[in-house]
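Here are my notes on this model. Please read them with the structure open.

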Amino acid sequence: MSNSLSGGPGSFSLPAHDVPALRPVPSAVVAEWPEGTFLENLAPSTTHPGSWLVTIPSHNRIDRADQDGKHDTVVELSDTVTGIATTDLGTFFLTGVMGSAGWQLARLEDSGRGHTTVCDIPDLVVGNGLTWDGHRLLAVDSGLGHLVAIDPVERTSSVWLAHELLTKLNPDTPNPGANGIAVHQGWVYVTSSERAQLLRCPLASNSPADELEVVAERLAGDDLDIDPHGRVYVATHVLHSVLRLDPDGHREDIAGLDQGVAGSTSVALDPQDSTALYVTATGGLLSPPEGGVQPARLVRLTLEG
């Protein structure tokens, strides 16, 4: 079965996406926000073990969601906040004005509240996914279609990977090009949303553009994460599901509307429990599901061991 989304000028649309069978795993809603809240990315909290930090670009803030369902604002910003990553050096996030220069990398204070600016990122205008490769941060620019490497210690950044497959097909639509990013066993994986592709290149490559390869096609993804067995989990956003792609190419949806992932934007494995996958969902703001927009949610999925 395939499905394609389209709309009028200025609306979000995606190329055809092969919709697999839905075999839902056990799920639980951890926390909810009012309809109209756009949850974007998430990272584990270092100051409150078991809690998750969620970026909310619709309200220019970061919330911490606890397992008891409570969520509390830890940072309020003047600009949009998108990508976030917890590293050995602390928790970092991207903030700026969508479509404009002037983006910055910021770090959460050790107290878990407040932030400090680390550095400017002149090569970023539509900041999105952010990940730690063990030595540096890699940030996605969904507008310019490239990856930026950021050294938070030296406070420097530069374009690491630029390639046509990371760019938007139609620059006049709001559809993102490169979007989510993850590092796994020496490879950098990136979703190219408008092209409905999953891409990868070697992390240690001196010429990553020359070694970029297509892992999967007709797979419209937003953010992603990868488990120790090499299974890729993808938030499909406007398709309202979480998809699992196995190393042999088999794919299936492991969560859908009934599991509360309408408008799924981001997925992250629990660093303490590889069977727990957390999902942020907007409730379907960009492509309302049947029945209308739902509350925004943080959902926990229980995976096979």
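1. Overall make-up. This is a predicted model. Its secondary structure comes to 0 helices and 26 strands. The radius of gyration is 17 Å, close to the 19 Å from the globule rule for 305 residues, so the protein is as compact as a globular protein of that length. The C-alpha trace spans about 50 × 45 × 40 Å along its principal axes.

2. Burial and contacts. Of the 305 residues, 56% count as buried. Take the contacts between residues at least 6 apart in sequence: 47% of them join residues at least 24 apart.

3. Main core. The largest nonpolar core has 16 residues. Leu147, Trp160 and Val188 have the most contacts inside it. Strands 13, 14, 15, 16, 17 and 18 each supply at least two residues of this core. Nonpolar side chains tend to be buried together in soluble globular proteins.

4. Second core. A separate core of 15 residues includes Ala85, Leu94, Val148 and Ile150.

5. Thr80. Buried or exposed? Thr80 has a relative accessible area of 15%, under the 20% cut-off, so Thr80 is buried. Thr80 sits in strand 8, residues 80-87.

6. Surface and charge. The accessible surface comes to about 12300 Å², and 46% of it belongs to carbon and sulfur atoms. There are 17 positive and 39 negative side chains. The centres of the two sets lie 3 Å apart.

Key: Residues are numbered from 1 along each chain as its sequence is written. This is a predicted model: local features need pLDDT of at least 70, side-chain atom pairs count only at pLDDT 80 or more; totals for chains, interfaces and linings use all residues. Side-chain values use heavy atoms; hydrogens and water are left out. A nonpolar core is a set of buried Ala, Val, Leu, Ile, Met, Phe, Trp, Tyr and Cys residues joined through side-chain atoms within 4.5 Å. Buried means under 20% relative accessible area, exposed over 50%, partly exposed in between (1.4 Å probe, protein chains only). Helices (H or I, at least four residues) and strands (E, at least two) are DSSP runs, numbered from the N terminus. The radius of gyration is taken over C-alpha atoms; the globule rule is 2.2 Å times the number of residues to the power 0.38. Contact means heavy atoms within 4.5 Å. Accessible areas come from the Shrake-Rupley method with a 1.4 Å probe; for residues, only the protein chains shown count as cover. Lys and Arg count as positive and Asp and Glu as negative; His and the chain ends are not counted. The place of a charge is taken as NZ of Lys, CZ of Arg, CG of Asp or CD of Glu.
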